[in-house]
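Please look over the structure shown below before reading on.

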Amino acid sequence: MLKRLLHVTPSGAAGLAFAAFAFLVIPALAGKLWLSVFISTGCFVLAIAGVAFMYARLGMVSLTQVGLMGVGGWVMLRLNHAAGFPFEVNLVIAALVTMVCGWILALPAMRMRGLYLALVTLMAAGGLEIIFATYQFPNGGEGFWGVKTGSADAFRRPWLAQTPEAYLRYVVAFVTLGFLFIEAHRRLWPGRAWALIRRSEAAAMAAGVNVTFYKMWAFGIAGVLAGAAGGLLAGSLGLLDDATFRASESVMLFALAVVGGARYWLGAVIAATLYRILPALLNNWGVDADLAFVIFGAGLLHAVITAPNGIAGQIMDLAAGLRARFGKGGKP
Amino acid sequence: MNHRTALAALTAFAGMTLAGAAFAADPVCGAATGEAATGEPIIVGGIYGNAAPGDWTSSTDAAAAYFKCVNANGGIHGRPIDYRVENDQWNPENAAQAAAKLVSDTDSVAMVGNGSFIEMAVNAGTYKDEGIMVMASACAISECFESSNIVSTNQGPLPSNLGAAMYAREELGATNIACIGLNIPNNGIWSCQAVIDYMEANGGTGSMALLNPGAPDVNSALLEAVSSGADTILINQPAGLALAILKAAEEQDLRDAFNWIAPTPLYDLSVPDQLGEYWYGHVYVNAELAPLQVNGPDAQNWVAVMEAYGNADDPRDTFGQAGYLSARFFVDAMLGMDPADVGDRAKVADAIRGIKGMTSDLMCGPYYVGDADFHMPNHAGYMVKIVEGGFEIVRECYEYDSAYFEPMLAIEKELGLN
């Protein structure tokens, strides 16, 4: 089992190489603007990994992932201002609290599938949007909500990552851990249970799989990743705004996960690139960033019509084709 | 107002506009050499917010117009200003990215004309860490006034609200004010709470009704304010939302049931026409800077600069005046520096901190910066009433009465400014 767990596939090797590149090279080369963009992108890669994993492994459509990021960010800010715990402790607590929230949201949705599940999660995202807009994010105030009138207190970044360069490395490390966390689950018994559930819930139940339990498990993993992503985003800015966590953003995130390719690590990276880097690029060129929505729409059409595995699926197919050609055929 | 008075006001306003237009041929900027600057550009940044629910471009528009004028008139010791602006789109991530681009990745010497609801909260630490001074113009949040490296020519919602509330209490007999603010802790809640505190300190009372800026339901907020038992409603909103609230009140014919007051965002020349006759004479607005009628030399120069170097659709409002003033004070400080130092951020920051006692007929008091963890040089203003065709001044320059200003007054005393 250990051998199976530690086996490195070509896709996995490429992912680890990309993570190493993002960890070592990008922070050394990028200016402050792009460091800021890449940090934000890294946070959303983690969140997208969660929603894409649920869709790819269980066929479950969750439209509340950005809302759950908001929960993680809220807990992170609240703990930062209320307690003197290290950043990492706050991050773990934020991820776990978000996981529990994910479970609570998932409980009534467990008996639903397809469109109905998507609608329930969308309504949950709408509810979270209203809570964030009404109560705002903690800024150093007293009481449960932690909101005070006037200027926000300072946020404590991790001592390992005081500079933007170091913080990007920090985020890349957590994103890599997030992908490894998902992959480990996929290779162990939960992955087998999810594969069976995806093929047929009836067959899974007949085989003795506790369908509700494993679905909840998947929701919990997506919640952990969303919570960590929200906590990291809070750490990068020092404050959060409800506009970041609107329900429409969750829908957009899911759509981009499909465009990018929900089955692959590269799909999450492509989706986050479209979500955060493309608008920043358009802004930097002086072009209205709303043009990105047109590009998102075209990408979605492309994915639905010609690329069911998303852009990443096409790239992986191309890479496999090249490998087959040059690997088996010898020298080109 | 009877027809004769209205006609007189209209004629006076038209006369002043014509006077401004006549002056437009000859704006005075910077060194006023009449020759274009050709040296190495000095980079200056500016961040504005333009997305729902508000467009805050007028301050950077006005600063850009003034810098164009300066560049056409000798620049800063012969060097033109390269003014670069970014839109934060009311989004914290974009705000951080804008500052990273303009401050961290660029050798900018200062930020001028900033106007936003978001960026100062996100970037105040960055400005301090990078050692850059921000001469903002359309500040709306507490961080803008409670940070070491930001100083603004506008007052922000807290003083402007207090000015409106003070007038309403003293002149309109207000005893209970309902403040309709945005549900943002460092904006609407901060500035509405100051009004409640002010009223309670003066034997009255107050309350707040908050709007979600992402999905503002103006009817609900208005009904909440109406049901609070208030005799006065303070519309503490950007102009667009304030107009929507007044339209909703008009539909319910609430005009005569309350006093209607507002801070400076409603002082915009397009507002009276948009509101219509129903509201003429019934809405009182605090103006943080001099209304157009005052028409002093600097006010005329602002109009002239905008006519000659601005775009026709750049707003002519308080924030435009504030953008012009920030740019003018910045240029005056730069012109007073050793020419060898004007490209050095640290020395420019020192020069800005050294600003003391600059004056303009657009402001009621002197402008200064100083070396402190808070800055609010502008805390006195005018009160105007919306009338047909414009605004009528109902109270000339007056200082606002609140304990909030005690630290500022102490610094002014130390600097010998009051």
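In this predicted model, strand 15 (residues 380–387) of chain B and strand 16 (residues 390–399) of chain B run antiparallel and are joined by seven bridges. Within this pairing, B:Phe391 of strand 16 of chain B is the residue that stands opposite B:Ile386. The hairpin formed by strand 15 and strand 16 of chain B has two residues between the strands, and B:Gly389 takes a positive phi there, near 85°.

Strand 15 of chain B is also joined to strand 14 (residues 283–287) of chain B, by four bridges, and these two strands likewise run antiparallel. Here B:Tyr284 has B:Lys385 of strand 15 of chain B as its bridge partner.

These strands belong to an open sheet of seven strands in chain B, whose order is 11-10-12-13-14-15-16 and whose pairing is mixed. Strand 11 (205–211) and strand 16 of chain B are the edge strands, each of which pairs on one side only. From one strand to the next, the twist averages 25°. As a general point, the side chains of a regular strand alternate between the two faces of the sheet.

Helix 6 (185–201) of chain B lies across strand 10 (176–182), strand 11 and strand 12 (232–235) of chain B, and runs at about 170° to strand 11 of chain B. Helix 7 (residues 218–226) of chain B lies across strand 10, strand 11 and strand 12 of chain B, and runs at about 165° to strand 11 of chain B.

Which helices of chain B each supply at least two residues of the side that touches chain A? The contact between the chains involves 24 residues of chain B and 25 residues of chain A. On the chain B side, helix 3 (92–104), helix 4 (119–130) and helix 6 of chain B each supply at least two residues, and helix 3 of chain B gives the most, with seven residues. Sorted by class, the side of chain B that touches chain A has 10 nonpolar, nine polar and five charged residues.

| Helix pair in chain A | Axes come within | Crossing angle |
|---|---|---|
| Helix 4 (residues 32–58) and helix 5 (residues 65–82) | 10 Å | roughly 130° |
| Helix 4 and helix 11 (residues 211–237) | 8 Å | roughly 170° |

The residues of the contact of helix 4 with helix 11 of chain A divide into 19 nonpolar, three polar and two charged.

Helix 4 of chain A and helix 5 of chain A, by their angle, are therefore oblique to each other, and their crossing is right-handed. Helix 4 of chain A contributes A:Ala47, A:Gly50 and A:Val51 to the contact, while helix 5 of chain A contributes A:Gln65, A:Val66 and A:Met69. This contact of helix 4 with helix 5 of chain A has four nonpolar, two polar and no charged residues.

As for confidence, chain A has a mean pLDDT of 90, and 98% of its residues reach 70 or more. Within chain A, confidence is highest in helix 5 of chain A, at a mean of 96, and lowest in helix 1 (residues 2–6) of chain A, at 76.

How values were computed: Residues numbered from 1 in each chain as written. Chains lettered and ligands numbered in written order. Predicted model: local features only at pLDDT ≥ 70, side-chain atom pairs only at ≥ 80, totals over all residues. Contact = placed C-beta atoms within 7 Å. Nonpolar A, V, L, I, M, F, W, Y, C, P; charged D, E, K, R; others polar. Axes fitted to C-alpha atoms, helices over the stretch in contact; angles between N-to-C directions. Parallel < 35°, antiparallel > 145°, perpendicular 65-115°, else oblique. Left-handed = near helix turned anticlockwise from the far one by under 90°. Pairing = 2+ DSSP bridges. pLDDT = per-residue confidence, 0-100.
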